[in-house]
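Look over the sequence and the 3D view before reading on.

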Amino acid sequence: QVSLVESGGGLVQPGGSLRLSCAASGFIVSSDAMRWYRQAPGKERELVAHITRAGFSTSYGEFVKGRFTISRDNAKNTVYLQMNSLKPDDTAVYYCNAAFRGHWGQGTQVTVSS
């Protein structure tokens, strides 16, 4: 059974950092393209970051502007999202997604506030 479990969210002050984790089970993360999305209250879900199946290429939403990094640890079967220089506009529920399989995690809340 495929499962994605996000963790690492929380409350952080503007300018702070968080690292989100997405632990996968039931499939190997390197066999799929993996993505992070986010959804803020009253807004549509938007793509934050993408890493290809091969793991050599990444892409990001325009709003990231070099602040976030997606990575993958094949040994731990886990995908990460390192978020730096966080802003209040980054407040949202962050979801992990296996792009080809179409599976989603339950999400983890990130709140950026002073």
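Is R38 buried or exposed? R38 is buried, with a relative accessible area of 6%; buried means under 20% relative accessible area, exposed over 50%, and partly exposed in between (1.4 Å probe, protein chains only).

This is a predicted model, in which local features need pLDDT of at least 70, side-chain atom pairs count only at pLDDT 80 or more, and totals for chains, interfaces and linings use all residues. Residues are numbered from 1 along each chain as its sequence is written, and side-chain values use heavy atoms, with hydrogens and water left out.

**The sheet**

- Four strands form an open sheet in the order β1-β3-β8-β7, with antiparallel pairing.
- β1 (3–7) and β7 (68–73) stand at the edges; each has a single partner strand, so one side of each is left without a neighbour in the sheet.
- From one strand to the next, the twist averages 15 degrees. Axes here are lines fitted to C-alpha atoms, for helices over the stretch in contact, and angles run from 0 to 180 degrees between N-to-C directions.
- Strands are DSSP runs (E, at least two residues), numbered from the N terminus, as are helices (H or I, at least four). Two strands pair if DSSP finds at least two bridges between them.
- β1 and β3 (residues 18–25) run antiparallel and are joined by five bridges.
- S3 has S25 in β3 as its bridge partner.

**Salt bridges**

- The whole structure holds four salt bridges. The term means a side-chain nitrogen of Lys or Arg within 4 Å of a carboxyl oxygen of Asp or Glu.
- Side chains of opposite charge can pair when their charged atoms come close.

**The D32 pair**

- D32 bonds with R101 in a salt bridge, with the closest N and O atoms 3.1 Å apart.
- D32 lies in the loop between β3 and β4 (34–39), and R101 in the loop between β9 (92–98) and β10 (103–104), so the pair ties together parts 69 residues apart in sequence.
- D32 is buried at 0% relative accessible area, whereas R101 is partly exposed at 37%.

**The D90 network**

- R38, E46, R67 and D90 are linked in a network of salt bridges.
- D90 and R38 form a salt bridge, their closest N and O atoms 2.8 Å apart. D90 sits in the loop between β8 (78–83) and β9, and R38 in strand β4, 52 residues apart.
- R67 also forms a salt bridge with D90, at 2.6 Å between the closest N and O atoms. R67 lies in the loop between β6 (58–60) and β7, 23 residues from D90.
- Both R67 and D90 are buried, D90 with a relative accessible area of 1%.
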